[in-house]
Amino acid sequence: MILNLYLQSLAERVFKSPPGAFPLASTYPSMSTPGDAGNRPSSHSSPALSVEIRATFELGRMLGGGEVIGALQMSWDELLNHGDEPFDLSFPRVRGVHPSVKLKAAVVHACDHQDDVLFDSLADGEIARDTDAGHAQFAKYVRRKTVSHLSDAVDHFQLVLDRCSVSHPDHATALTNLAWARLQGYIRDDLQDIDAITSLFRDTLALRPQHHPDHLLSLYNLIQALTWHHNKKSTAADIREAAQLYHELLPLCPEGTYLRIIAAGENGVDRVIGGCNNLPTDASDEGIHLRRVVLELCPLGHQLRPRSLEELAQAVETRFDQHGSIDDLDMSIQLGREAVSLCPEGHADRDHYLDNLAFSLSSRFDHQGKANDLDEAIFWHEEALCLRPVGHKFRDYSLDNLGTALVARFNTRSDIDDITRAISLHREALTLCPPGHLHHDTTLNNLALALQTRYDKSHVRRDLNEAIDQSRESLRLTRLDHPERHITLFNLSSVLCSRFTQTQKIEDVEEAITLCQQSLEALHSLHPDRHYSYLRLQEAYMSRYCVQHKPGDLALAVENFRLASRHPTHGFPNRIIQAHKWAVAAEQHGDGSALEAYSTFFELLDAHLATRSSATSRREAAAAFHYARSLPVDAASCAIRRNNLPRAVELVEQGRGQQWSLASRLRTPVEELESAKPTLARNYLELSKRVSNAAQSSATVTDRAAADWEATEYRILTRQWEAAVAEIRDLPAFSRFLLPPSYEDLQVAARQGPVIILIASQYSCSAIIVPTLGDPHHVPLPSIGLADLTNLKDRFTRAIRDSSRMNPGESRTDLIVLSRIIWDQIMLPIVNVLEHVLKLKRRSRIWLCPTAAFTSIPLHAAHPFQTKADRSGKEPCLEDLYICSYTPTLSALIRSRQLMKKRVPPSFVAIGQGQPGAGKGKALLAVDSELELVHKLVPATANRTTISGNAATRAGALEALQQNTWVHLACHGKQDPKQPYDSHFVMRDEHLTLLDIMERHVPQAEFAFLSACHTAVGDEETPDEVIHLAAGIQFSGFKSVVGTLWEVDDSVAKHVVEAFYGYMFGDLKDGGVMDCTKAAWALNCATHAVKTKVPLEQRMVFVHIVESEANPGWLLRLVTHVYCLHLRHQS
């Protein structure tokens, strides 16, 4: 009888893994009886069944019998008692698990001498016997550690390999057996040929491609060879390759499998991760790729993840240092934040991760100028220092790093305590790094830099001398091949220039020039630090020029100004500073590059502000260059002095209103592009919308890590947007799309009347009149200077305040005097050109575009207040002669007119809040009556509504602004002079802020009357940005806005309101339509009409801003009408 055994090896039960796991257990059954092997079993004799379990690492074809790891015997009767049902056989515990097999037995037929049939069928001749012999010898080597057994095993395995040609199905297994035995000998130092061993494993892997059942095993074996080679020889290439192979292997190994267990354990991938983390920082693309691979091998919760995060952070920051990509620095900070979060208080390495995160934040501050980064860096440096008390081996690092950060803060805020403490910290660090210490040279350099910084502010000669001594010693100790030697070179150059300025010893400045040239030689052409070399070289040449007055030195200084400000891989803030210094120096020394310097400054500042996602952050970034706020008008003055008036117009436009210009780019109409390239236009509009939405969402983020992520996402979007813009500019008809406008582009603003740009520069005060056609006209204002304008502004402030305390009938003597000054010294010269040169007809439209100090002067109120020479009547004032409007920039006027193409049926809402919440201002008793008056004056065809009282909330007002084309707003208005985007209208619950308004895009909106205080007054820090409520309303889409310059008396404002709407809608009964382009004329008429009812300061307070194109037909009719009204009120 033959017993047919159906055997299933349960690897999933043996090794707790699904089928296909590793290693595989195989069974070899045999039968024997106490008597003759050929006798049929009977009740008197029961043969025994012996079952062996052997292990092999291969999942595919098995070579030889494998290694015996367990055996089991049972009686024949016990076997047959199970009948046809399969049953389990369990073996003794092996290597921590219990192997088992499932069997099913059945009697098939009887025959003689079949005891060894199964075994013979599995044997494979000499190859199998030699393989088994090799395994047996290798097992003895493992147990007894005798080299002779290893040699015998290797000989057997080599013999098998020799018999298994490349085409033999067991060739790969033979390679594995030989390589594995030799690797174990290498591990125990009994063999040394690791390169040959690795080669065998590579050959095996090549024979077992990705879908081969033993591909993973071959990967693991190769990893083991590479890892052990690295462990013994510290070969970086081996550990890097091992990491890459683990990155390939682990995702293919299901959880719970034996291979996964040994590969993911402490002696598997963790050893490779540790080896990679100990490699030197490599900032190449390959090195950073390796760091990313290693990090992916450390999932959340892995003990080595913080260190792997830190190593990747260091690599990308080093690449930033070498190439200047902000993406790398942001990535470093993101990784550093995660590393810190994984090391809470009490973690042994927290101080290390804190210090490195702080260092990265300081670098980003230097690159981007975000004050929050520097403050956070100092905070983390302070905490790291606390974790490194006296005696800590890394205390000198924290002392030096904190000191350097404090020097940076001193440079921005000039707090003497910062620089004093910084020097103290550097001195303490120096005591911890005596001569011979690894960081002695670096600490000397840092101390020298701090001393020089203090010298630049205090001019204490002792600081300068010590700084030179420390810098020289630092340079002496720094190796020629040190990657940061260039820093010591240009720092020493700087202090030598400072001493040359004091002593005029020519050898100092010549040495300084040589040192800078050496620093440039050490850096590749796009290294970010070349900026500093150019900067210091410029200082040296300019210092020598100021002493020797050689034109060649001035030319070299200018060239290095140019190189420093235009070095593309350095951060914008420092480049902007250099462009500013370049402009100042060019003006001071009469160099012809001044206009180029101004233009460079504006381009850099524009690019810098464009990196900020929110309006508030853009303003903060601009305010950091407060010392350069006069550059737009100085640039215009420079162009005027060079008789280049068109360029003056271009520069003053480019430099002013950058906040609005940047924001409006995303709302630029593209009708012509849609006609020419509709797909391109749709892509641009979609990206513009996404950038705008990202900007609005980022404004509400307060968490620093989340803010960093938002900033990165914003930068990615803006790059896509910039790519779309570049594609549009490739079209010949759109080559100047969104570029700074040329004079020809800007002259479009004067199509309905001249635009008068008033320039208040430290070099000169003048006006430029941009006519409808032809070249601009220059109007010098020799009677007034910048100091006079400042004085005039202050006098107006006092006069307005005093007038508010007077009775309506009292004479406003001070205001009259000031209005005369405006007329005589500012507007009369301009009027003379308008009348006699341009031949502008009376009652024509003009637009005033004041700059700098002019923005605080009520130019429209210019009045001679005197009788004509022939006694025939009074001399006309400006508003008798012309209908005046204001525009913040020429581009704003052009944009407003472009939007006028989109007309919809009018809808009018009057919003009033006379009873604000507690603490929000006094009650405005006349608001309700003003709203009723407006409601009566607005034609019923305008779909008019009123919102007041409890309904006049922030949300209600925003919804009304969004849904209506005409708006009248009567409430408290507050201009915040320090934070202009917080300027607001006071509603019942929350403030309706300027930011709220700016975030609304209402292209169909037409007109807004802001009957509230301070709605058209800009902020103190950046007056040329014209950031106020009226400008915000105009930016959101309203083409025509009436605003106020100071506080409004609501008890008399209603008279102006009544007269204004009377003129606006007076002709509608004759079949006219509501037209916002009549607003400037209506306001002009209204202020004349209420002279007997409203005091002078309350008539002057209202101004008209921007507007669209006028209709010549109604303008002709209204000019006649206004003269009748004007004469009637004068009589």
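Cys765, Ala767 and Ile769 point one way from strand E8, while Ser766, Ile768 and Val770 point the other way, and all are buried. Here, buried denotes under 20% relative accessible area, exposed over 50%, and partly exposed the range in between, with a 1.4 Å probe and protein chains only. Strands (E, at least two residues) and helices (H or I, at least four) are DSSP runs numbered from the N terminus. The model is a predicted one, in which local features need pLDDT of at least 70 and side-chain atom pairs count only at pLDDT 80 or more, whereas totals for chains, interfaces and linings use all residues. Residues are numbered from 1 along each chain as its sequence is written, and side-chain values use heavy atoms, with hydrogens and water left out.

Strand E8 spans residues 765-770, and because 6 of its 6 residues are buried, E8 is largely enclosed by the rest of the structure. Two strands are said to pair if DSSP finds at least two bridges between them. By this criterion, E8 pairs with strand E7 (residues 755-760) in the antiparallel sense over 6 bridges. The two strands form a hairpin with 4 residues between them. Within this pairing, Ile768 of E8 stands opposite Ile757. E8 also pairs in the antiparallel sense with strand E9 (residues 777-780), over 4 bridges. In E9, the residue opposite Ile768 is His778. The hairpin of E8 and E9 has 6 residues between the strands, and Gly774 in this hairpin takes a positive phi near 90°.

A further sheet is open and consists of 3 strands in the order E15-E16-E17, with antiparallel pairing. Its edge strands are E15 (973-974) and E17 (991-993), each of which pairs on one side only. Between E15 and strand E16 (residues 984-986), the antiparallel pairing extends over 2 bridges. Lys974 has His984 in E16 as its bridge partner.

Among the helices, H24 has 15 residues and reaches 21 Å from its first C-alpha to its last, close to the 21 Å expected at 1.5 Å a residue. The expected span is 1.5 Å times one less than the number of residues in the helix. The buried residues of H24 are Asp553, Leu554, Ala557, Val558, Asn560, Phe561, Ala564 and Ser565. Seen down the helix axis, the buried residues of H24 fall within an arc of 165°, so they line one face of the helix. The arc is that of the directions from the helix axis to the C-beta atoms. In general, an α-helix has 3.6 residues a turn, so residues three or four places apart point the same way. The cover over the buried residues of H24 includes helix H23 (530-548), helix H25 (572-589) and helix H26 (594-610).

Leu554 lies in H24, which comprises residues 551-565. Leu554 counts as buried because its relative accessibility is 9%. Contact is defined as heavy atoms within 4.5 Å. Not counting residues up to four places away in sequence, Leu554 touches Met542, Tyr545, His589 and Asp591. The C-alpha atoms of Leu554 and His589 are separated by 8.5 Å, although the two residues are 35 residues apart along the chain.

Asn445 is placed in helix H19 (residues 440-458). With a relative accessible area of 7%, Asn445 is buried. Its side chain makes a polar contact with the side chain of Asn491, at 3.4 Å. A polar contact is a pair of N or O atoms within 3.5 Å; within protein, one must be able to donate a hydrogen and the other to accept it, and residues adjacent in sequence count only if both atoms are side-chain atoms. Leaving aside neighbours within four places in sequence, Asn445 is in contact with Ser474, Ile487, Thr488 and Asn491.

Positive phi values also occur in residues other than glycine. Lys145, with phi near 60°, is found in the loop between helix H4 (125-144) and helix H5 (147-163). At 58% relative accessibility, Lys145 counts as exposed. Gln504 likewise has a phi near 60°, and lies in the loop between helix H21 (485-503) and helix H22 (506-521).

For the protein chain as a whole, there are 46 helices and 20 strands. Of its 1131 residues, 54% are buried. Residues 24 or more positions apart account for 70% of the contacts with a separation of 6 or more.
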